[in-house]
Each structure stands twice: as C-alpha cells, then as structure tokens.
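Biologist: Can you walk me through this one? I have the structure open and would like to start with a residue.

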Amino acid sequence: RCIRDRWGGTVLVPPHLHPVVGLLAVAVPFGLVYFAVAAALGIPEAGAVFRKVGRKLKLVR
C-alpha cells in the first residue's frame, strides 16, 4: 500500500498555492528570523544587512 492510502491523501499533500504566495509565506519570514537571530548573536554582517535595509526604507539614518 502507498502512504497516500494510509494517510487518507490529505495529510501530506502540499497546498495549492501560487509560487509567489509560497515564497512570501515561507522564505520571507524565514529570512527575517534568520537575520534577527544572527544579529542577536552579534554577527556583524547581519547587523549590516538590517542597517542597509533600514536606510533603503528610510527607517535608519
């Protein structure tokens, strides 16, 4: 038997999302958390990324 038969076919089936929606739902939050944790650990490159993005958004001078 296939695992799909045992699980009813709905437990492990990926959602039908447009790839851009999937990117926004997964990659963007992951990236934010990744850089936030890196900055909290004191990695200078992560702080530089936040400063650069802040300047682009005019949040930081």
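Biologist: Which helix is Phe30 found in?

Modeller: Phe30 belongs to helix α2. Keep in mind that this is a predicted model.

Biologist: Where is confidence lowest and where is it highest?

Modeller: Helix α1, residues 3-6, is lowest with a mean pLDDT of 56. Helix α2, residues 19-40, is highest at 89. For the protein, the mean pLDDT is 80, and 72% of residues reach 70 or more.

Biologist: Back to Phe30. Which nonpolar surface patch residues go with Phe30?

Modeller: Tyr34, Phe35, Val49, Phe50, Val53, Leu57 and Leu59. With Phe30 they make a patch of about 810 Å². Helices α2 and α3 are the elements that each give two or more residues to that patch.

Biologist: New topic. Which residues does UniProt list as a transmembrane region?

Modeller: The unreviewed UniProt entry lists residues 20-43 under that name. In the model, this span is 88% helix and 0% strand, and its end C-alpha atoms are 30 Å apart.

Biologist: And charges? Which residues form the positive surface patch?

Modeller: Arg51, Lys52, Arg55 and Lys56 form the positive patch. Of these, Lys52 sits in helix α3, residues 44-56.

How values were computed. Residues are numbered from 1 along each chain as its sequence is written. This is a predicted model: local features need pLDDT of at least 70, side-chain atom pairs count only at pLDDT 80 or more; totals for chains, interfaces and linings use all residues. Side-chain values use heavy atoms; hydrogens and water are left out. pLDDT is the predictor's confidence in each residue, from 0 to 100. Helices (H or I, at least four residues) and strands (E, at least two) are DSSP runs, numbered from the N terminus. UniProt positions are given in the numbering used here, feature names are shortened, and annotations may be inferred rather than shown by experiment. Patches are made of residues with over 30% relative accessible area and no salt bridge: like charges are joined within 9 Å, nonpolar side chains (Val, Leu, Ile, Met, Phe, Trp, Tyr) within 5 Å. Accessible areas come from the Shrake-Rupley method with a 1.4 Å probe; for residues, only the protein chains shown count as cover. A salt bridge is a side-chain nitrogen of Lys or Arg within 4 Å of a carboxyl oxygen of Asp or Glu. Lys and Arg count as positive and Asp and Glu as negative; His and the chain ends are not counted. The place of a charge is taken as NZ of Lys, CZ of Arg, CG of Asp or CD of Glu.
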